[in-house]
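I opened this notebook to record what I looked up in one structure.

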Amino acid sequence: MAILAELEDGLWTATIAHHARGLPPEEAARVAVAEFGDPRTVGTGFGPELAAATGRRVGLALLATGPLVGASWLLLAAGTWRWAGQEPPAALGLIVALVGLALVVAVPAAVLSVAVSGRLSRWLPTGPQVGATAAAVAACACVAGDLVLLGGLLASAVLAGGVAWPAALLAAGASSTRLSLAGRATRRCLDARATLISP
(Lines give C-alpha, C1' and ligand atoms only; values in the text may rest on other atoms or scores of the structure.)
Protein backbone atom coordinates (compact mmCIF):
# COMPACT_ATOMS: atom_id res chain seq x y z
CA MET A 1 0.00 0.00 0.00
CA ALA A 2 2.88 2.39 0.73
CA ILE A 3 4.18 1.83 -2.80
CA LEU A 4 0.78 2.63 -4.31
CA ALA A 5 0.53 5.75 -2.15
CA GLU A 6 4.00 6.81 -3.31
CA LEU A 7 3.09 6.30 -6.97
CA GLU A 8 -0.21 8.12 -6.57
CA ASP A 9 1.46 11.04 -4.83
CA GLY A 10 4.09 11.30 -7.57
CA LEU A 11 1.47 11.21 -10.33
CA TRP A 12 -0.70 13.83 -8.63
CA THR A 13 2.28 16.11 -8.06
CA ALA A 14 3.40 15.84 -11.69
CA THR A 15 -0.16 16.31 -12.97
CA ILE A 16 -0.69 19.43 -10.86
CA ALA A 17 2.65 20.84 -12.00
CA HIS A 18 1.78 20.34 -15.68
CA HIS A 19 -1.69 21.77 -15.17
CA ALA A 20 -0.16 24.84 -13.48
CA ARG A 21 1.97 25.35 -16.61
CA GLY A 22 -1.20 25.65 -18.69
CA LEU A 23 -1.98 22.13 -19.88
CA PRO A 24 -5.61 20.99 -19.68
CA PRO A 25 -6.22 18.45 -16.85
CA GLU A 26 -6.44 15.38 -19.11
CA GLU A 27 -3.31 16.33 -21.05
CA ALA A 28 -1.47 17.10 -17.80
CA ALA A 29 -2.35 13.62 -16.52
CA ARG A 30 -1.20 11.96 -19.78
CA VAL A 31 2.13 13.79 -19.69
CA ALA A 32 2.63 12.86 -16.02
CA VAL A 33 2.00 9.17 -16.75
CA ALA A 34 4.36 9.30 -19.74
CA GLU A 35 7.10 10.80 -17.55
CA PHE A 36 6.89 7.87 -15.18
CA GLY A 37 7.84 5.53 -18.00
CA ASP A 38 6.76 2.09 -19.08
CA PRO A 39 4.53 0.45 -16.42
CA ARG A 40 6.54 -2.78 -16.59
CA THR A 41 9.78 -0.89 -15.91
CA VAL A 42 8.18 1.00 -13.03
CA GLY A 43 6.83 -2.26 -11.59
CA THR A 44 10.24 -3.92 -11.87
CA GLY A 45 11.76 -1.03 -9.95
CA PHE A 46 9.49 -1.79 -7.02
CA GLY A 47 10.13 -5.55 -7.25
CA PRO A 48 12.48 -5.79 -4.26
CA GLU A 49 10.09 -3.87 -2.02
CA LEU A 50 7.12 -5.92 -3.16
CA ALA A 51 8.99 -9.20 -2.62
CA ALA A 52 10.04 -8.15 0.88
CA ALA A 53 6.50 -7.04 1.74
CA THR A 54 5.04 -10.30 0.44
CA GLY A 55 7.54 -12.36 2.43
CA ARG A 56 6.86 -10.35 5.57
CA ARG A 57 3.06 -10.67 5.28
CA VAL A 58 3.24 -14.41 4.70
CA GLY A 59 5.74 -14.95 7.52
CA LEU A 60 3.66 -12.95 10.00
CA ALA A 61 0.47 -14.76 8.97
CA LEU A 62 2.08 -18.16 9.45
CA LEU A 63 3.52 -17.20 12.84
CA ALA A 64 0.15 -15.85 13.96
CA THR A 65 -1.95 -18.80 12.80
CA GLY A 66 0.46 -21.57 13.81
CA PRO A 67 -0.44 -21.57 17.53
CA LEU A 68 -4.17 -21.50 16.73
CA VAL A 69 -3.91 -24.49 14.39
CA GLY A 70 -1.67 -26.31 16.87
CA ALA A 71 -4.08 -25.66 19.73
CA SER A 72 -6.98 -27.13 17.74
CA TRP A 73 -5.01 -30.35 17.18
CA LEU A 74 -4.00 -30.56 20.85
CA LEU A 75 -7.66 -30.14 21.78
CA LEU A 76 -8.51 -33.00 19.43
CA ALA A 77 -5.79 -35.21 20.94
CA ALA A 78 -6.98 -34.45 24.46
CA GLY A 79 -10.63 -35.01 23.54
CA THR A 80 -9.96 -38.29 21.77
CA TRP A 81 -7.34 -40.01 23.89
CA ARG A 82 -7.40 -38.42 27.31
CA TRP A 83 -11.04 -37.54 27.97
CA ALA A 84 -12.57 -40.39 25.98
CA GLY A 85 -10.12 -42.89 27.47
CA GLN A 86 -8.93 -44.29 24.13
CA GLU A 87 -5.39 -45.47 23.59
CA PRO A 88 -3.34 -43.41 21.09
CA PRO A 89 -2.54 -45.33 17.90
CA ALA A 90 0.98 -46.65 17.44
CA ALA A 91 1.49 -44.41 14.40
CA LEU A 92 1.01 -41.27 16.52
CA GLY A 93 4.75 -41.13 17.18
CA LEU A 94 5.46 -40.98 13.44
CA ILE A 95 2.88 -38.24 12.94
CA VAL A 96 4.35 -36.21 15.80
CA ALA A 97 7.86 -36.64 14.39
CA LEU A 98 6.82 -35.53 10.89
CA VAL A 99 4.89 -32.52 12.19
CA GLY A 100 7.85 -31.66 14.44
CA LEU A 101 10.13 -31.76 11.40
CA ALA A 102 7.76 -29.43 9.54
CA LEU A 103 7.82 -27.02 12.50
CA VAL A 104 11.62 -27.13 12.70
CA VAL A 105 11.67 -25.87 9.11
CA ALA A 106 8.61 -23.59 9.13
CA VAL A 107 9.18 -21.54 12.28
CA PRO A 108 12.78 -20.42 11.62
CA ALA A 109 11.95 -19.75 7.95
CA ALA A 110 8.93 -17.62 8.91
CA VAL A 111 10.98 -15.72 11.50
CA LEU A 112 13.70 -15.14 8.90
CA SER A 113 11.17 -13.83 6.37
CA VAL A 114 9.97 -11.28 8.92
CA ALA A 115 13.45 -10.37 10.14
CA VAL A 116 14.97 -9.66 6.72
CA SER A 117 12.09 -7.41 5.71
CA GLY A 118 11.85 -5.40 8.93
CA ARG A 119 14.19 -3.16 10.90
CA LEU A 120 16.83 -5.86 11.10
CA SER A 121 17.20 -5.80 7.32
CA ARG A 122 19.60 -2.86 7.67
CA TRP A 123 22.11 -5.05 9.51
CA LEU A 124 21.51 -8.42 7.87
CA PRO A 125 23.62 -9.07 4.76
CA THR A 126 20.81 -10.47 2.62
CA GLY A 127 19.41 -9.76 -0.80
CA PRO A 128 15.78 -8.80 -1.41
CA GLN A 129 14.81 -12.30 -2.51
CA VAL A 130 15.66 -13.89 0.86
CA GLY A 131 12.42 -12.83 2.57
CA ALA A 132 10.20 -14.18 -0.19
CA THR A 133 12.22 -17.41 -0.40
CA ALA A 134 12.10 -17.95 3.37
CA ALA A 135 8.36 -17.31 3.44
CA ALA A 136 7.84 -19.79 0.58
CA VAL A 137 9.83 -22.43 2.49
CA ALA A 138 7.79 -21.77 5.65
CA ALA A 139 4.51 -22.01 3.73
CA CYS A 140 5.59 -25.27 2.04
CA ALA A 141 6.52 -26.74 5.42
CA CYS A 142 3.09 -25.75 6.77
CA VAL A 143 1.44 -27.43 3.78
CA ALA A 144 3.41 -30.62 4.49
CA GLY A 145 2.57 -30.50 8.20
CA ASP A 146 -1.12 -29.95 7.57
CA LEU A 147 -1.23 -32.81 5.06
CA VAL A 148 0.36 -35.12 7.65
CA LEU A 149 -2.13 -34.02 10.32
CA LEU A 150 -5.13 -34.44 8.03
CA GLY A 151 -3.87 -37.84 6.87
CA GLY A 152 -3.40 -38.90 10.49
CA LEU A 153 -6.92 -37.75 11.32
CA LEU A 154 -8.35 -39.76 8.44
CA ALA A 155 -6.39 -42.84 9.49
CA SER A 156 -7.52 -42.45 13.11
CA ALA A 157 -11.15 -42.04 12.09
CA VAL A 158 -11.05 -45.15 9.91
CA LEU A 159 -8.59 -47.46 11.67
CA ALA A 160 -8.37 -46.46 15.32
CA GLY A 161 -12.00 -46.51 16.35
CA GLY A 162 -12.95 -42.89 15.81
CA VAL A 163 -12.14 -39.48 17.17
CA ALA A 164 -13.85 -36.72 19.14
CA TRP A 165 -15.81 -35.28 16.22
CA PRO A 166 -16.47 -31.68 17.31
CA ALA A 167 -12.76 -31.20 18.00
CA ALA A 168 -11.86 -33.14 14.84
CA LEU A 169 -14.00 -30.84 12.69
CA LEU A 170 -12.38 -27.79 14.29
CA ALA A 171 -8.85 -29.12 13.75
CA ALA A 172 -9.54 -30.31 10.21
CA GLY A 173 -11.14 -26.98 9.34
CA ALA A 174 -8.20 -25.02 10.74
CA SER A 175 -5.64 -27.12 8.87
CA SER A 176 -7.66 -27.17 5.65
CA THR A 177 -7.98 -23.39 5.69
CA ARG A 178 -4.28 -22.90 6.36
CA LEU A 179 -3.43 -25.52 3.75
CA SER A 180 -5.31 -23.57 1.09
CA LEU A 181 -3.93 -20.20 2.16
CA ALA A 182 -0.36 -21.48 2.54
CA GLY A 183 -0.48 -23.03 -0.93
CA ARG A 184 -1.50 -19.70 -2.45
CA ALA A 185 1.06 -17.85 -0.32
CA THR A 186 3.80 -20.13 -1.63
CA ARG A 187 2.89 -19.24 -5.21
CA ARG A 188 2.81 -15.51 -4.42
CA CYS A 189 6.22 -15.65 -2.74
CA LEU A 190 7.77 -17.64 -5.58
CA ASP A 191 6.27 -15.26 -8.14
CA ALA A 192 7.66 -12.26 -6.24
CA ARG A 193 11.07 -13.93 -6.07
CA ALA A 194 10.97 -14.79 -9.78
CA THR A 195 10.55 -11.12 -10.71
CA LEU A 196 13.82 -10.37 -8.93
CA ILE A 197 15.91 -13.03 -10.66
CA SER A 198 14.39 -12.88 -14.15
CA PRO A 199 16.54 -11.05 -16.72
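I looked up the side chains of E27 and R30 and found that they meet in a salt bridge at 3.3 Å, N to O. A salt bridge here is a side-chain nitrogen of Lys or Arg within 4 Å of a carboxyl oxygen of Asp or Glu. The model is predicted: local features need pLDDT of at least 70, side-chain atom pairs count only at pLDDT 80 or more, and totals for chains, interfaces and linings use all residues. Residues are numbered from 1 along each chain as its sequence is written, and side-chain values use heavy atoms, with hydrogens and water left out.

I noted that E27 and R30 are about one helical turn apart, because three residues separate them in helix α2 (residues 25-36). Helices are DSSP runs (H or I, at least four residues), numbered from the N terminus. E27 is partly exposed at 31% relative accessible area, whereas R30 is exposed at 52%. The cut-offs are under 20% for buried, over 50% for exposed and in between for partly exposed (1.4 Å probe, protein chains only).

I then searched the whole structure, which holds two salt bridges. D146 and R178 form one, at 2.8 Å, N to O. This pair links distant parts of the chain, with D146 in helix α6 and R178 in helix α7, 32 residues apart. D146 is buried at 0% relative accessibility, and R178 is buried at 13%.

Last, I checked T186, which lies in helix α7 (residues 165-197). T186 counts as buried because its relative accessibility is 9%. Leaving aside residues up to four places away in sequence, T186 touches A136, A139 and C140; contact means heavy atoms within 4.5 Å.

How values were computed:
Helices (H or I, at least four residues) and strands (E, at least two) are DSSP runs, numbered from the N terminus.
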